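This briefing collects the computed features of one protein model and groups them by topic. Please read it alongside the sequence and the coordinates displayed below.

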Amino acid sequence: MSTSVDDAVRALLLLMPRMVGRAKRIPVPEELQSLALAPRHLSLLSYLLFDGPLTVNDLAARLEVAPTTVSLMVGELSGKGILERREDPADRRRRIVSITDAQRPSISAWLARGATAWRQALEPLTPDQRQLVIDTLRAYEAAAETDSAPEAGTGSVTEGPVP
């Protein structure tokens with residue numbers, strides 16, 4: 001099957017809003033609704049859920065942000081009773097961050113659906129194909145941040161209008 005770039009763009013213009021819409025419809029557990037969690041918190045919580053307790057520096061590397069940014073988020077979420085910081089038994093100077101036992105079931109139930117869906121989508125692919133998916137999504141994210149897109153209604157750069 002051969003799909004042109006414009007055909008792929010059309011398919012993704014239909015698919016991406018549906019994916020985002022489905023993700024937004026995943027209900028926040030009642031016990032977490034009052035905590036005003038932002039998307040940046042979800043990524044941090046996902047890493048802690050998926051990888052287990054981590055240091056602030058490990059979280060910062062995974063989230064591709066500065067350790068001070070993670071420290072602020074951890075402080076905020078610790079104050080809300082979502083995260084806890086404890087001393088690393090192997091190195092007392094380091095702090096290990098984890099989800100509190102009280103919040104783990106709610107956060108797991110909430111975020112596990114997305115991890116399960118990605119696992120089902122990626123598992124049949126080869127490692128190179130998985131990397132291509134990741135690279136493509138990162139390239140889209142980078143391109144979407146630029147203001148070089150044509151004005152609305154002017155169609156694609158290469159061929160006629162895109163529906």
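This is a predicted model: local features need pLDDT of at least 70, side-chain atom pairs count only at pLDDT 80 or more; totals for chains, interfaces and linings use all residues.

A residue is called exposed when its relative accessible area is over 50%, and buried when that area is under 20%. By that cut-off Glu-64 counts as exposed, because its relative accessibility is 61%.

**Overall make-up**

- The protein contains seven helices and three strands, and these elements follow the pattern α-α-α-β-α-α-β-β-α-α when they are read along the sequence.
- The protein has 163 residues, of which 20% count as buried.

- Three strands form an open sheet in the order β1-β3-β2, with antiparallel pairing, and the edge strands are β1 and β2, each of which pairs on one side only.
- α5 packs on this sheet, where it touches β2 and β3, and the direction of α5 makes about 115° with that of β2.
- Helix α3, which covers residues 39–51, lies across β1, β2 and β3 and runs at about 100° to β3.
- Strand β1 (residues 54–55) pairs with strand β3 (residues 91–99) in the antiparallel sense over two bridges, and in this part of the sheet Leu-54 has Val-97 of β3 as its bridge partner.
- Strand β2 (residues 83–88) also pairs with β3 in the antiparallel sense, here over six bridges, and a hairpin of two residues joins β2 to β3.
- Two bridge partners in β3 can be named for this pairing: Ser-98 is the partner of Glu-84, while Asp-91 is the partner of Asp-88.

**Contact between α4 and α5**

- Helix α4 (residues 56–63) and helix α5 (residues 67–79) pack at an angle of about 110°, and their axes are 8 Å apart.
- An angle from 65 to 115 degrees counts as roughly perpendicular, and α4 and α5 are therefore roughly perpendicular to each other.
- The crossing in which α4 passes α5 is right-handed.
- On the α4 side the contact is made by Val-56, Asn-57, Leu-59, Ala-60 and Leu-63, which meet Pro-67, Val-70, Ser-71, Met-73 and Val-74 on the α5 side.
- Sorted by class, this contact of α4 with α5 has eight nonpolar residues, two polar residues and no charged residues.

**Contact between α3 and α4**

- The axes of α3 and α4 cross at roughly 115° and come within 10 Å, and the crossing of these two helices is right-handed.
- From α3, the residues Ser-43, Leu-44, Tyr-47, Leu-48 and Asp-51 meet Leu-59, Arg-62 and Leu-63 of α4.
- The residues in this contact of α3 with α4 divide into five nonpolar, one polar and two charged.
- Leu-59 and Leu-63 of α4 are listed in the contact with α3 and also in the contact with α5.

**Glu-64, between two helices**

- Glu-64 is found in the loop between α4 and α5, and Glu-64 has a phi near 60°, which is a positive value in a residue other than glycine.
- For context, most residues other than glycine have a negative phi.

**Ile-96, within the sheet**

- Ile-96 has its place in strand β3, and Ile-96 counts as buried because its relative accessibility is 12%.
- Leaving aside neighbours within four places in sequence, Ile-96 is in contact with Pro-53, Leu-54, Thr-55, Glu-84, Arg-85, Arg-86 and Asp-88.
- The C-alpha atoms of Ile-96 and Val-56 are separated by 7.2 Å, although the two residues are 40 residues apart along the chain.

Conventions: Residues are numbered from 1 along each chain as its sequence is written. Side-chain values use heavy atoms; hydrogens and water are left out. Axes are lines fitted to C-alpha atoms, for helices over the stretch in contact, and angles run from 0 to 180 degrees between N-to-C directions. Helices (H or I, at least four residues) and strands (E, at least two) are DSSP runs, numbered from the N terminus. Angles under 35 degrees count as roughly parallel, over 145 as roughly antiparallel, 65 to 115 as roughly perpendicular and the rest as oblique. A crossing is left-handed if the near helix is turned anticlockwise from the far one by less than a right angle, and right-handed if clockwise. Contact means heavy atoms within 4.5 Å. Ala, Val, Leu, Ile, Met, Phe, Trp, Tyr, Cys and Pro count as nonpolar, Asp, Glu, Lys and Arg as charged, and the others, Gly among them, as polar. Two strands pair if DSSP finds at least two bridges between them. Buried means under 20% relative accessible area, exposed over 50%, partly exposed in between (1.4 Å probe, protein chains only).
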